Amino acid sequence: MRFAAFAGAAALAIGILTAASAGPAAASVEYGGLSLANAPAYGMYAAQGVTADSSVAVNTGYPARWGIAVLGPQETLGNPKVTGYPEEFHAITTKGTLTNWCIAGNAEYGDAYLAPCGANGTVFIVVFNGDGVLLYSRYFLDSGSDWVLAVYSPSPGDPVMTIPYNAVGGNWFGRWDNP
């Protein structure tokens, strides 16, 4: 009898532990490209392939496909405040496999790269602006800064970087087609 009670308690404890350790439900993912709004021939791709720390750059031709996951309702963050949907951009292999590697940007004037989805710098707030969208790094918005993904005077292979929002324009291309 004591064994049955122990077994029942153990099963209950395992069930509670399993329920508590299960992460949040995965966001639905749509597939799309990430091209510059004012230079649509240039799209983002993983320059060293879909692997850890691969740099993210732009290239001409058909842009690489990305898995676009909207993570929740609109958020208002930063200084000045911006409002948009939080999204992650999952890399997709050339064989069409959706991965858990996402575009990340968490260093001032740093190159974007692939990091495990959910890591610091992988969530971007998508904000409509002019003829495209700005991809604000939530990592920076959480600290009161307004850094976005952009590329300088794009040429094939140029890196995508995080820059201050107010630097977008002129030679800095930071507006992307609506993903």
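Strand S2 (43–46), strand S4 (65–70) and strand S6 (82–92) each supply at least two residues to the lining of the second largest pocket. Helices (H or I, at least four residues) and strands (E, at least two) are DSSP runs, numbered from the N terminus. A pocket is an open set of points on a 1 Å grid over the protein atoms alone, with protein on both sides within 12 Å along at least five of seven lines; a 1.4 Å probe fits at these points, and lining residues have an atom within 4 Å of a point. The model is predicted, so that local features need pLDDT of at least 70 and side-chain atom pairs count only at pLDDT 80 or more, while totals for chains, interfaces and linings use all residues. Residues are numbered from 1 along each chain as its sequence is written, and side-chain values use heavy atoms, with hydrogens and water left out.

The volume of this second largest pocket is about 170 Å³, a volume being the space filled by probe spheres set on grid points that are joined across faces, edges and corners. Its lining is formed by Tyr45, Ala46, Gly49, Val50, Ala64, Arg65, Trp66, Ala91, Ile92, Thr93 and Thr94. By class, seven of the lining residues are nonpolar, three polar and one charged (Ala, Val, Leu, Ile, Met, Phe, Trp, Tyr, Cys and Pro count as nonpolar, Asp, Glu, Lys and Arg as charged, and the others, Gly among them, as polar).

Turning to the chain as a whole, two helices and 13 strands make up the secondary structure. Of the 179 residues, 40% are buried (buried means under 20% relative accessible area, exposed over 50%, partly exposed in between, with a 1.4 Å probe and protein chains only). Among contacts between residues at least 6 apart in sequence, 52% join residues at least 24 apart, where contact means heavy atoms within 4.5 Å. Mean pLDDT, the predictor's confidence in each residue from 0 to 100, is 85 for the chain, and 84% of residues reach 70 or more.

One disulfide is found in a search of the whole structure (a pair of cysteine sulfur atoms within 2.5 Å). It joins Cys102 to Cys117, with an S to S distance of 2.0 Å. Cys102 belongs to strand S7 (residues 98–104) and Cys117 to the loop between strand S8 (113–116) and strand S9 (124–129), so the link ties together parts that are 15 residues apart in sequence. Cys102 is buried at 0% relative accessibility, and Cys117 is buried as well, at 15%.

Strand S9 also holds Asn129, a residue that counts as buried at 18% relative accessibility. Beyond its neighbours within four places in sequence, Asn129 is in contact with Leu134, Tyr165 and Arg175.

Several loops deserve a look too. Pro73 sits in the loop between S4 and strand S5 (75–77) and is exposed at 63% relative accessibility. Leaving aside neighbours within four places in sequence, Pro73 touches Tyr85 and Pro86 as contacts. A cis peptide bond, with omega about 5°, joins Asn79 and Pro80, and Pro80 lies in the loop between S5 and S6. Asp53, not a glycine, has a positive phi near 65°; its loop runs between S2 and strand S3 (56–59).
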